[in-house]
Amino acid sequence: MVDITDKYRKLVGKNKFNIFEGSREEMEKLGKKWMKDDEFHEVISFPIDEIYGDVVVWEGVTDKKFLVEHGVRHLLGEHHD
Ligand SMILES: [Zn+2]
């Protein structure tokens, strides 16, 4: 995975979030391991606490900024179905 946090510094703000870009294979592995389903996830968030957390976004996605924003909101505690 590639660390792309610097690209999204503005979205991350003062939080210590890390943003990574993963290949299709890496996203599939993470999905299986952590999401416990066979769906393909273009973005997966790993909240640690209010300050720390990781967002992994698929490298092949078209609107990466949108998904990174979405992942960051999850780290900040937003939930939806
Ligand atoms: Zn979501």
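This is a short talk on the fold of one protein chain, from its overall layout down to single residues.

First, the ground rules. What you see is a predicted model, where local features need pLDDT of at least 70, side-chain atom pairs count only at pLDDT 80 or more, and totals for chains, interfaces and linings use all residues. Residues are numbered from 1 along each chain as its sequence is written.

How confident is the predictor? pLDDT is its confidence in each residue, from 0 to 100. The mean for the protein chain is 93, and 100% of the residues reach 70 or more. Confidence is lowest in helix α1, residues 9-12, at a mean of 92. It is highest in β1, at 97.

Now the layout. The chain has 3 helices and 4 strands. Helices here are DSSP runs of H or I with at least four residues, strands are runs of E with at least two, and both are numbered from the N terminus. Read from the N terminus, the order is β-α-β-α-β-β-α. The radius of gyration is 12 Å, close to the 12 Å that the globule rule gives for 81 residues, so the chain is as compact as a globular protein of that length. That radius is taken over C-alpha atoms, and the rule is 2.2 Å times the number of residues to the power 0.38. Along its principal axes, the C-alpha trace spans about 35 × 25 × 20 Å.

Next, the sheet. It is open, has 4 strands in the order β1-β2-β4-β3, and its pairing is mixed. Two strands pair if DSSP finds at least two bridges between them. Strands of a sheet pair through backbone hydrogen bonds, either parallel or antiparallel. Which strands sit at the edges? They are β1 (2-3) and β3, and each pairs on one side only. β1 pairs with β2 in the antiparallel sense, over 2 bridges. There, Asp3 stands opposite Phe20 of β2. β3 and β4 also run antiparallel, joined by 5 bridges. A hairpin of 4 residues connects β3 to β4. Ser45 has Val55 in β4 as its bridge partner.

Two helices meet this sheet. Helix α2, residues 24-35, packs on it and touches β2, β3 and β4. Its direction makes about 50° with that of β3. α3 lies across β2, β3 and β4, and runs at about 150° to β4. For these angles, axes are lines fitted to C-alpha atoms, for helices over the stretch in contact, and the range is 0 to 180 degrees between N-to-C directions.

On to the inside. A residue is buried if 20 or more other C-beta atoms lie within 10 Å of its own, exposed if 12 or fewer, and partly exposed in between, with C-beta atoms placed from the backbone. Buried residues make up 23% of the 81. A nonpolar core is a set of buried Ala, Val, Leu, Ile, Met, Phe, Trp, Tyr and Cys residues joined through C-beta atoms within 7 Å. The largest such core has 13 residues, and Phe17, Ile19, Val55, Val57, Val68 and Val72 touch the most other members. Which elements give two or more residues to this core? They are β2 (16-22), β3 (43-47), β4 (52-58) and α3 (64-75). The largest share, 4 residues, comes from β4.

Look at Val55. Leaving aside neighbours within four places in sequence, its contacts are Phe17, Ile19, Val43, Ser45, Val68, Gly71, Val72 and Leu75. Contact means that two C-beta atoms, placed from the backbone, lie within 7 Å. Among contacts between residues at least 6 apart in sequence, 45% join residues at least 24 apart.

Finally, a few single residues. Lys36 is in the loop between α2 and β3. Is Lys36 buried or exposed? It is exposed, with 7 other C-beta atoms within 10 Å. Lys36 also has a positive phi of about 55°, although it is not a glycine. Most residues other than glycine have a negative phi.

Glu26 sits in helix α2. It counts as partly exposed, with 16 C-beta neighbours inside 10 Å. Glu26 and Trp58 are 32 residues apart along the chain, yet their C-alpha atoms are separated by 8.4 Å.

Lys16 is in strand β2. It is exposed, with 12 other C-beta atoms within 10 Å. Beyond four places in sequence, Lys16 is in contact with Ile51 and Tyr52.

Last, His80, in the segment after α3. It is exposed, with 6 C-beta neighbours inside 10 Å.

Notes. pLDDT = per-residue confidence, 0-100.
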